[in-house]
Amino acid sequence: MLPGDEILVISGEVPRDVIRWQILTDEAEVVLAVERDGDRFDLTVQKRDGEPLGAEVHAAVFDKVQTCDNHCEFCFIHQLPKGMRRSLYLKDDDYRLSFLYGNFTTLTRFTELDLERVITERLSPLNVSIHATDPAIRSDILKNRRGAVSLRWLRALLDHDIEVHGQVVVCPGLNDADVLEDTLAGVLERFPELASVCVVPLGISKFSKEPRMRTHTLAEAERVVDIVDSWQSTFMAALGRRMVFAGDEYYLMAGRPFPAPATYEGFSMHEDGIGMARTFEAEFADPTVSEPTGPRAGFFAWVDGAPADGYRAPRQDSPATVVGQGDAPAISTSVVLSARRGAAVGVLTGTLGAPIIEPLVAELGRTDVRVLPVPNEFFGGNIGVTGLMVGEDIARVLAGEPEGHRYLLPDVCLSRGVFLDGMHVSDLPRPVEVISTDGAALRSALEPA
Ligand code: SF4
């Protein structure tokens, strides 16, 4: 095999995606039909059962990604400014991307064949957007008639012991308050086998053109927290587990303390902003935490050579890099850190991350460490999560800060070293140290020389 060879068929099958690829290439004998410069030939590979083939694929899905035909008013893709990377505008509703990357699917395009495949290949866990269990309200939210009936697939998945995590994106005035109560009652009645349900607020950028979409008032955020709290007790009594969790953003909006770590029951939806504050806090405070909670490796823990993507894509070019300015090369972390330790430190974070990190830093009692919240003017609206910080906003904050200080940048806002707005870390007006987005990494970066 040579780079550029095209594998057309594996052991008699044209694989649709990296999942089939993995299953087919897992065998001890693999027959490949290969095309090279217009010529086709067969190749038999003999190896140990389960041994990787030794080839990498360029994408996770080889046929077409199943696109979404819903028109949710809160859809963040509709609220992106023009001119961003093309891939960011792709609205997918593909169970395979749910399995591979943790994307949420509404199941409105799910079919009997898909169900058969999920069951046969045990594609578990999956993430499903529920939003409301009332059929009319759900179809109104998704702006899709099939939204009224597509939760029947959720029932079928659960009937076949597929692990499913549910999500409710709450839009005030639409599916909060009594509708949220009704939804959670519907979950208990119809989908009690769900692994968890996370309740998160909608994000609104300044590009939203939807008149019904607005941010929560304080009272509305408080009500969501109260509803989740009360349903946790109900689920606990009925099922022996809490099942439903509110996103960290709700506790910040409502000015309430985050729930105790033990109540998160393993932080299974950490990626969705559930319990991130508590894990960060614990990792920061406890030097014995060696494995911080981060993105789930998911399928890629066992697929060899598959491209990680989406939220699970590598964030940095290399771990813990210190990035020079402009054309200056990245310098070895250890060299720069030892030179800079002792300098004052600015910790960059989103406006929603700041209230979590500030008290932790304050407890250190160090006057040389400050938190630098980065207001998100690129997206505007209520967008304050650290993961959506962009280069131009960070550059504006850094330009007002002194030279010679250390600036710590959490890697969650990067994908392969690039911000969502296409800027690279080396374009920033001050050198930054890119660190993993967890409490242990921050603690270690702040340790004295
Ligand atoms: S289902 Fe997801 S991708 Fe599709 S419109 Fe709704 S929010 Fe957007």
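Which residues of helix 9 (residues 276–285) are buried? In this predicted model, they are Ala277, Arg278, Thr279, Phe280, Glu283 and Phe284. To be counted as buried, a residue must have under 20% relative accessible area.

The pairing with helix 13 may be followed in detail. The axes of helix 9 and helix 13 lie 7 Å apart and form an angle of about 35°, and the crossing is right-handed. On the side of helix 9, Phe280, Glu283 and Phe284 take part in the contact, and they meet Gly439, Ala440, Leu442, Arg443 and Leu446 of helix 13. Sorted by class, this contact comprises 5 nonpolar, 1 polar and 2 charged residues.

In soluble globular proteins, nonpolar side chains tend to be buried together. Here the largest nonpolar core has 77 residues, of which Leu154, Leu157, Leu194 and Val199 touch the most other members. Helix 7 (residues 218–239) contributes the most to this core, with 7 residues. Leaving aside residues up to four places away in sequence, Val199 touches Val168, Val170, Leu180, Val224, Val228, Val244, Phe245, Ala246, Gly247 and Tyr250. Another core, of 18 residues, lies apart from the largest one, and its members include Leu348, Leu398, Phe419 and Val432.

Around the ligand are Cys68, Asn70, Cys72, Phe74, Cys75, Lys91 and Thr106. By class, this shell has 4 nonpolar, 2 polar and 1 charged residues.

Key. Residues numbered from 1 in each chain as written. Predicted model: local features only at pLDDT ≥ 70, side-chain atom pairs only at ≥ 80, totals over all residues. Heavy atoms only, no water. Buried < 20%, exposed > 50% of the residue type's maximum accessible area, 1.4 Å probe, protein only. Helix = DSSP H or I, 4+ residues; strand = E, 2+ residues; numbered from the N terminus. Near = heavy atom within 4 Å. Nonpolar A, V, L, I, M, F, W, Y, C, P; charged D, E, K, R; others polar. Core = buried A, V, L, I, M, F, W, Y, C linked by side-chain atoms within 4.5 Å. Contact = heavy atoms within 4.5 Å. Axes fitted to C-alpha atoms, helices over the stretch in contact; angles between N-to-C directions. Left-handed = near helix turned anticlockwise from the far one by under 90°.
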